Amino acid sequence: MRLNRFGIRARITGGSLLIAVLMSVVAGLIIRNQIVHIVYDSELTVLHSITAPYKSSLTREGSAAELDPPGGDQEVAVVDPNGTAVVDTLQHHLRPQLTDLISHDTDTRTVLAGGLHYLVKVTTVATTEGTWSIVAARNSDDQTSVLNSVTLLLIVTLAIVNLGFGIASWFIGTAALRPVNRLRRSADELAARPDGELLPVGPADDEISQLAGTLNELIGELRASADRERQIVSDASHELRTPLAILQTKLELAQSQAGTLEQMRTEVASAQQTLQRLSALATSLLELSRIDAQSARGSATVDELSAELADAADRGRLRVGSGEVVIDFSVDVPEATLPVAVSPHDFGRICDNLVTNALAARPDAGRIELALHGQPGGVLLTVEDEAGGMEEDFVPHAFDRFARDAVRTSDATGAGLGLAIVSGIVSVAGGKVTLVNSPGVGLRVEIVLPFATA
């Protein structure tokens with residue numbers, strides 16, 4: 001039988017009832033065993049009280065003792081050394097076994113006679129004339145009947161207690177799960193009517209309230225993620241629509257108004273620039289999608305990162321051409337350093353994006369410094385320029401997607417995704433990126449990347 005077919009309340013009640021039944025069985029067995037011992041000890045006490053007067057008289061006076069029959073319905077037999085029963089009030093079906101009873105060394109035993117069970121105690125008394133035997137008997141079937149009645153009463157009592165415990169467990173489970181049912185109904189309402197509401201959190205600081213708080217955090221994150229996705233789609237649609245409209249206009253002009261071959265070439269060249277912007281935007285969007293889907297960290301040696309840093313500086317110099325922008329790099333990382341938690345490709349993309357942003361801010365002159373340093377637990381990459389820095393109001397939004405600073409962005413082909421890609425790569429690697437902005441002077445980007453095994 002599979003437990004998942006039952007609800008939580010049924011499982012709580014069933015489990016509690018099972019434990020209660022097991023404990024009741026153990027407790028019932030212990031109680032019954034104690035009652036059996038008490039009854040047995042009381043029977044032994046009665047038998048001892050029957051034999052004690054005869055034993056005392058025989059010990060003091062021997063054969064001269066006057067042995068009178070016991071009072072009431074007490075069953076006893078006193079046998080002299082010759083085997084003659086001086087006193088005999090035993091039941092008639094016990095008398096034939098008298099010789100056998102006094103011939104055993106057992107002090108107390110249970111005997112079956114006439115279909116009845118008797119508890120028999122044999123006491124011997126040594127005198128000068130020989131050994132006397134005192135046999136006392138009690139019908140144990142009466143005590144067994146009483147014991148069975150007590151056992152039945154105990155079973156019925158424990159059954160009623162367990163039934164009450166099961167009913168109480170059911171109601172307690174219902175009360176305990178009532179907040180969960182409220183959460184479920186609230187979740188159904190939120191699913192049918194998505195708005196700014198959250199799940200209700202009870203006043204008690206218990207597991208249910210903590211669950212509601214955790215679910216509210218999850219709901220908030222999911223809503224924020226959905227809002228970001230909608231904003232990305234909106235921004236991407238806007239970014240794609242603008243160059244597409246320009247491209248369409250250029251092609252229409254080339255078709256309808258270009259009167260010479262030179263004009264045709266000019267319009268086609270302008271259309272090609274627009275296509276390049278579209279291609280760069282599509283590549284950046286695909287890169288962001290890959291980063292968002294990536295969960296495993298990369299790995300690269302310091303030598304591989306140094307090579308990527310040098311290549312990024314060379315690629316930046318090629319874009320500058322014969323301009324007055326100086327791009328330098330330096331590496332200061334101890335040898336035998338552990339692998340860093342970023343792939344060479346992603347590290348190269350970080351460097352390229354930061355260099356591209358610096359060139360877009362000041363493409364005609366200035367200096368761009370790329371440096372890779374070792375530090376405890378990882379490496380530090382810094383990219384510093386002399387392009388005047390950012391607007392202070394823009395710094396908190398610099399890593400947002402499609403965010404562009406009007407002061408630093410002189411290149412109209414930029415889509416505002418460069419720093420967002422950098423932030424995404426660093427986040428996957430478990431690192432940290434910081435902007436050190438100096439308005440009117442320049443911008444320094446500091447990126448801490450941990451070791452792959454840290």
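**Salt bridges, exposure and a helix**

Analyst: Arginine 444 has a relative accessible area of 26%, which makes it partly exposed. This is a predicted model, so every value here is computed from it.

User: Happy to start there! Why is arginine 444 called partly exposed?

Analyst: Buried means under 20% and exposed means over 50%; at 26%, arginine 444 falls in between, so partly exposed is the term.

User: What makes arginine 444 and glutamate 446 a salt bridge?

Analyst: The cut-off is 4 Å between a side-chain nitrogen of Arg and a carboxyl oxygen of Glu. The closest N and O atoms of this pair are 2.9 Å apart, so the pair is within the limit.

User: And why is aspartate 364 called exposed?

Analyst: Its relative accessibility is 52%, and exposed means over 50%, so aspartate 364 qualifies. You'll find aspartate 364 in the loop between α7 and β7.

User: What does the salt bridge of aspartate 328 and arginine 367 tie together?

Analyst: Good one! Their side chains meet at 2.4 Å, N to O. Aspartate 328 lies in strand β6 and arginine 367 in strand β7, so the pair joins parts 39 residues apart in sequence. Arginine 367 also forms a salt bridge with glutamate 369, at 2.5 Å, and Asp328, Arg367 and Glu369 are linked in a network.

User: How do you know that α8 is largely enclosed?

Analyst: Of its 12 residues, 10 are buried, so the rest of the structure largely encloses α8. Among the buried residues are Leu419, Ile421 and Val426.

Note on methods: Residues numbered from 1 in each chain as written. Predicted model: local features only at pLDDT ≥ 70, side-chain atom pairs only at ≥ 80, totals over all residues. Heavy atoms only, no water. Helix = DSSP H or I, 4+ residues; strand = E, 2+ residues; numbered from the N terminus. Buried < 20%, exposed > 50% of the residue type's maximum accessible area, 1.4 Å probe, protein only.
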